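Here is my note on this structure, point by point. Please keep the model open as you read.

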Amino acid sequence: MAETNEKKKQKPTTVFRNTAWLFSVAWKIAPRFIVTYFICALLNAVWGVLEAWYIKEIFNRLDSGAPLAEILRLILAVALLTILLIAATRTFWDVGYERQQLMLRCGVHLKLFDHAISLDLGKYEIPEFYNDFIWAMNNADRTVCSVLDTLWRVIMRLTGGTAVFVILLDLDLLVAAVVLVSAGIGIVCLAYVKKQNYEYDMACRRARRVSDYVCRVHDMPDYAKELRISEASTVLDKLYEESLGERRSVIGKYKRRAALCGMIWNTTGAIKDNGLLLLLLYQLLITKTLPLGGFALAVTASWRVSSALKTLFNAFTDLSKQSLYIDKLRVFLDTETAVPSGVVQPGDFESIEFCHVGFAYADGTPVLHDVSFRIDKGRKIALVGYNGAGKTTLIKLLMRFYDVTDGKILYNGADIRDYDLAAYRAKIAAVFQDYKIFAATVAENVAGGVCAKEDRPRVTAALNEATFGDRLAKLDDGIDTPLTREFDERGVNLSGGEAQKIAIARAFFRRAAVTVMDEPSAALDPVAEYELNAHIREALEEDTVIFISHRLSTTRDADEIFVLDGGSVAEHGSHDALMRRGGIYASLFNLQAEKYRT
Ligand code: ADP
C-alpha cells in the first residue's frame, strides 16, 4: 500500500499545496529569516537584469556613436550599484544566513520532537510509519531548507529570466523558440532522472536501515560485551552483506535507466548550444539580419535565458521531488496519537481499577485478557509471574503508552482516557526495567529535565534514598557530574546497578501519588538489593506502590500479590495466603528459596 503511495506521481496542484504548507511551517518558525532571504533573491534578480540591460545599452550607445564620457558614466553608475547590491547580499550570506538557518532547523526539529513524544508507543511497531518517522527525524530540517532554497532560486530566476527573455523575444522570435523547445526536452529527461533517483532512494531504505543497524551495533558500547562473547557478529556480517546485495540489485534496476536519460539530456543541451550558434552565425553572415552588437547580445541573452530556464525546470523537478518528501513529513505530523488526551483534570489519587482489561500489540497476538483488580491508596501491590506473562504491558497500559483493546482502567472511578494525559501521567512515577540514562548531568537525569536551583537538595535526597549516596560522594562534581562519555570526557559511565539507582531516584524525586517499580533491583547484588528494598519501603511507606519483580523475596511484604499467568490474573492474595494455596506463586517462591539455599 505504502509502496504504491511512494510511486504515485504528484500532480502540480499537490506539489503547490505541499510547498505552500511547508512554507507556512517555515514562516511560523522563522519569519525574519524568510523575509531577508527573499529580499536577497529579489536583489540578485535585479542585479541580473541590470547586467543584461547594461550590455544592451553599451552596445546601443557604441552603435549610435555616443561620446565615450557618457559610456564611462554608465559603466561607473552600474559599477556603484553593483557594489551596493553585493554589499547588501554578502552581509546577509556571510553574517546572518547560517545563524538564521540554524534557528529554522532547530525550530523544525523541536516541532518534530514534540510531535514524536505525543504519539503512542504502538506507532513504533508499524514499520511503514517508523520508516517515515526515522526519515523525518533525519531529513525534515534539510527538506525545509532545500524547499526554501528552491523557492529562492525560482524567485530570482523567474524575475531575472523573464526580463532577459523579453529582450530575447524582441531580438529574434526563432532564437527564443529554439531556446524554449530544447529546454523543454531537457526538463522531461531531468524529471525522469530525478524520479529514478527518488525511487532508488526509497527502494534502498530497508537495506540502508539494516546496514546502519549493523554499524550501530558495532560502535555502541552497549553491544560491545555481547559481540565479544557470542557468535552474533557472524549473523550481523551476513545481514550486512545481504543489505549490500539488496542495494546492488536496486542500483542495477534504477540507475541504468537514470543514466540513459541523463545522456539524452546532456546531448540535447549540446545540440541546442551549437545549433543556436550556427543559427546566429547564419543570420549574421548569410542573411545579414543581425548586427554584430545584436549577435553579442543574443549570445549573452540566450545563455542567460537558457540557464534561467534550466534553473526553473530544475526548481520544478526539485519541488516535485521535495513534495514527495513533504508528503512524508505531513503524514508524520498529521498522524494522530492513538492515545488522545482527555480534558478532565485528575484529582488526588484514591484508587486504580483494572476492569476486564484485554490487550494485543500491533501484531494482533493477545497479551492480556480479562484482567481485573483494584489498587487503593496507600497499598503496596506486587505483580509477579513468569517472563512474558504481561506484567510490564499492564504498566504500559496504566501509563497510557497504549490504550486497552478491551475493558477499561479507572482512576478514582473514571476511565483514564477521560483525563488530561500529561496531568494523569504526572500522578504516576514509573521506573521501567529498560530505563535509559541520558547524556546529561546526574541532577538532570534525576530531575528529568533542567534542574532548578531550588530542586538540587531534593535531587540529592532522592539519590540518597535510592542508596546512591556513597557513589555520589565519590563523584568529583557531585550531582553536576555528566553521565556517559558521549559528549564529555569528564563523563562517568555507571555500572548497571548504579544506573538503576539513578532511575529509581527519578521516582523518589517525582514523589507522585503512585509509584511503579518494574524490576527495580534486577541489576543489583543481593546485599545491595536488600539495602535498596529497605530504603524503598521506608521512603514510600505512606505511598501507593506497584512492584514488579521476578525475585519474590522483594515482593513478599506486599499487601496484595497478583500472579499473572498467560495474560490474566491466576492468583492473588497476601504472601501467606498464596503460600497456603500452594499454586503457581508457592511453587515459584519455593523454587527461588531453594536456589538461594543451594
Ligand atoms: P513481562 O513483563 O511479564 O515479562 P511483557 O508485558 O513485557 O511481559 O510482555 C508480554 C508479552 O507481550 C510477551 O509475549 C512479549 O513478547 C509481548 N510483547 C511485549 N512488548 C511487545 C511489543 N512491543 N510488541 C509485540 N509484542 C510485545
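1. Helix 3 has 33 residues and reaches 48 Å from its first C-alpha to its last. That is close to the 48 Å expected at 1.5 Å a residue, where the expected span is 1.5 Å times one less than the number of residues. Helices (H or I, at least four residues) are DSSP runs, numbered from the N terminus. After helix 3 comes G65, with a positive phi near 70 degrees.

2. A word on the source: this is a predicted model, where local features need pLDDT of at least 70, side-chain atom pairs count only at pLDDT 80 or more, and totals for chains, interfaces and linings use all residues. Residues are numbered from 1 along each chain as its sequence is written, and side-chain values use heavy atoms, with hydrogens and water left out.

3. Helix 4 (residues 68-118) has 51 residues. From first C-alpha to last, helix 4 reaches 71 Å, close to the 75 Å expected at 1.5 Å a residue. Helix 4 bends by about 55 degrees at G96. The bend is the angle between axes fitted to the seven residues ending at a residue and the seven starting there.

4. Helix 3 packs with helix 4 at an angle of about 160 degrees, their axes 9 Å apart. Axes are lines fitted to C-alpha atoms, for helices over the stretch in contact, and angles run from 0 to 180 degrees between N-to-C directions. Helix 3 is therefore roughly antiparallel to helix 4 (over 145 degrees; under 35 is roughly parallel, 65 to 115 roughly perpendicular, the rest oblique). Their crossing is left-handed: the near helix is turned anticlockwise from the far one by less than a right angle, while clockwise is right-handed. The contact of helix 3 with helix 4 has 22 nonpolar, six polar and four charged residues. Ala, Val, Leu, Ile, Met, Phe, Trp, Tyr, Cys and Pro count as nonpolar, Asp, Glu, Lys and Arg as charged, and the others, Gly among them, as polar.

5. Helix 3 (residues 31-63) also meets helix 5 (residues 127-171): the axes come within 9 Å and cross at roughly 25 degrees. The two are therefore roughly parallel. This crossing is right-handed. Contact (heavy atoms within 4.5 Å) involves residues including F33, Y37 and K56 in helix 3 and W152, G160 and I167 in helix 5.
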